[in-house]
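Colleague: I have a model open and would like to learn how to read its side-chain contacts. Could you take me through them?

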Amino acid sequence: MKKNSLIFTLILLFSLAVISACTQETQNRIGRSIQNWTGVNGVLEIYSGGKLIKRFVKIDKLSTASGTKERVQRPYRFGYGTLDANLNGKADPNENKVYFEFSDYSTCYVFFEDPEAK
């Protein structure tokens, strides 16, 4: 039992040393990739003229599109979430999970973790 905890401690210390040696941008990428695995109970709000026009709830993550061969990022994001048709901030039983995408250039949006999600 002590040998296992010693090995675990050494691996943890080594991991911390490697991460602390990384640049801030690399640390951010690691954090985002971990979050991509664990997901986020996100909310996406789309605005037009300063008014909320669409809301998607229960979003695991937003992804930035990239080209298949050239691996260049495309100017839009996409994801899956429940369309909050009545804009009450909740996924009601009659509201469906949908695929969505939006432009990085022309869309006014806010993406955040649902503060009421447990």
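Predicted model: local features only at pLDDT ≥ 70, side-chain atom pairs only at ≥ 80, totals over all residues.

Colleague: How many salt bridges does the structure hold?

Modeller: Side chains of opposite charge can pair when their charged atoms come close. The structure holds two such bridges. In one, E45 pairs with R55, with the closest N and O atoms 3.1 Å apart. E45 is in strand β1 and R55 in strand β2, 10 residues apart.

Colleague: Which residue forms the salt bridge with R55 at 3.3 Å?

Modeller: That is D84, with 3.3 Å between the closest N and O atoms. D84 lies in the loop between β4 and β5 while R55 is in strand β2, so the pair ties together parts 29 residues apart in sequence.

Colleague: Are E45 and R55 buried or exposed?

Modeller: Both E45 and R55 are buried, and D84 is buried as well.

Colleague: How many aromatic pairs are found?

Modeller: A search of the whole structure gives five. The ring centres of F100 and F102 are 6.4 Å apart and their planes are at 20°, so this pair is stacked. Ring pairs link F56, F100, F102 and Y109 into a cluster.

Colleague: What lines the second largest pocket?

Modeller: Its lining has 16 residues, with V43, G89, K90, D114 and E116 nearest the centre. The space in this pocket is about 260 Å³.

Colleague: Which residues make the nonpolar surface patch?

Modeller: L6, L10 and L13 make that patch, of about 310 Å². L10 is found in helix α1.

Definitions and conventions. Residues numbered from 1 in each chain as written. Heavy atoms only, no water. Phe/Tyr/Trp six-rings, centres within 6.5 Å; stacked < 30°, edge-to-face > 60°. Patch = residues over 30% accessible without salt bridge, like charges linked within 9 Å, V, L, I, M, F, W, Y side chains within 5 Å. Areas by Shrake-Rupley, 256 points an atom, 1.4 Å probe, with all protein chains shown as cover. Salt bridge = Lys/Arg side-chain N within 4 Å of Asp/Glu carboxyl O. Helix = DSSP H or I, 4+ residues; strand = E, 2+ residues; numbered from the N terminus. 1 Å grid on protein atoms, 1.4 Å probe; cavity = no way out; pocket = protein on both sides within 12 Å on 5 of 7 lines; lining within 4 Å. Points joined across faces, edges and corners; volume = space filled by probe spheres on them. Buried < 20%, exposed > 50% of the residue type's maximum accessible area, 1.4 Å probe, protein only.
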